[in-house]
Amino acid sequence: MRPATPSTVLRSAGFTLIEVLVTVTIVGILAAIALPNYSEYITRGKLLDAHTKLADLRAQQERYFMDNRAYNSSGTTCGIDDPAILMTSIYNADTGAPFTLTCAATATTYTITATGRPAKGMSTSFVLTVNQANAKSSAGPTGWTSATCWFVRKSGECS
């Protein structure tokens, strides 16, 4: 029988505790960077959806004005279809929209507002508006810069 030499000693299979801890630390660091960025990415996508809906409703209001010479149909009711009905028809009732749309009008003015829905991942602090003069504004939760446009990023960068 031959004596065991260092080159013939079998090393046990598996990972050492240090290797596992280093791997867990690296994964933790990557997650700490990726998750906030991903959350902001999702929020920006929802904001762009609100921009699209507001622009569409604004165009509908302008068409209504061209046909009727007033923005309202009666009282403070906008001449266009109720934005809440529009959002229900666009989104599956199970998932719902990330914003609630409202419209208020007089014969010569209107304001369309999109307000975030917490149940759909958007704070009620997210409020985007547009009026008959195409004046846009945005407000958001703490950390988001308010703007005289529809922002797309925390910094107040506009679309």
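A disulfide here is a pair of cysteine sulfur atoms within 2.5 Å. I wanted that cut-off at hand before opening the model, which is a predicted one.

**Entry 1: disulfides**

I searched the whole structure and got 2 disulfides. Cys78 and Cys103 make one of them, with their sulfur atoms 1.7 Å apart, so the pair falls within the 2.5 Å limit. Cys78 sits in strand 2 (residues 77–78) and Cys103 in strand 3 (residues 99–105), so this bond ties together parts that are 25 residues apart in sequence. I then looked up the torsion about the S-S bond of Cys78 and Cys103: it is about -85°, so I noted the disulfide as left-handed. Both Cys78 and Cys103 are buried.

Next came Cys149 and Cys158, joined by a disulfide with an S to S distance of 1.5 Å. The torsion about the S-S bond of Cys149 and Cys158 is about -40°, so this disulfide is left-handed. Are its two cysteines buried or exposed? Cys149 is buried, at 13% relative accessible area, while Cys158 is partly exposed, at 36%. Counting bonded cysteines along the chain, I wrote the pattern down as 1-2, 3-4.

**Entry 2: helix 1**

I moved on to helix 1, which covers residues 17–68. Just after helix 1, I found Arg69 with a positive phi of about 60°.

I listed the buried residues of helix 1; among them are Thr43, Leu47, Ala50, His51, Leu54, Leu57 and Tyr64. Leu30 belongs to helix 1 and counts as exposed, because its relative accessibility is 54% and the cut-off for exposed is over 50%.

**Entry 3: salt bridges**

How many salt bridges does a search of the whole structure find? I got 3.

- Glu40 pairs with Arg44, their closest N and O atoms 3.9 Å apart. These two are 4 residues apart in helix 1, about one helical turn. Glu40 is partly exposed at 23% relative accessibility.
- Asp49 pairs with Lys53, with 2.5 Å between the closest N and O atoms. Both lie in helix 1, again 4 residues apart and about one turn of the helix. I checked cover as well: Asp49 is buried at 18% relative accessible area, and Lys53 is buried at 10%.
- Arg153 pairs with Glu157, the closest N and O atoms being 3.4 Å apart. Arg153 is partly exposed at 32% relative accessibility, and Glu157 is partly exposed at 41%.

A reminder to myself on the helix pairs: an α-helix has 3.6 residues a turn, so residues three or four places apart point the same way.

**Entry 4: around strand 5**

I finished with strand 5 (residues 127–131), where 4 of the 5 residues are buried. Strand 4 (residues 110–116) pairs with strand 5 in the antiparallel sense over 5 bridges, and Thr113 stands opposite Thr129 in strand 5. Strand 6 (residues 136–139) also pairs with strand 5 in the antiparallel sense, over 4 bridges. There I found Leu128 opposite Ser138 in strand 6. Strands 5 and 6 form a hairpin with 4 residues between them, and Asn134 in the turn has a positive phi of about 65°.

Notes
Residues numbered from 1 in each chain as written. Predicted model: local features only at pLDDT ≥ 70, side-chain atom pairs only at ≥ 80, totals over all residues. Heavy atoms only, no water. Buried < 20%, exposed > 50% of the residue type's maximum accessible area, 1.4 Å probe, protein only. Pairing = 2+ DSSP bridges. Salt bridge = Lys/Arg side-chain N within 4 Å of Asp/Glu carboxyl O.
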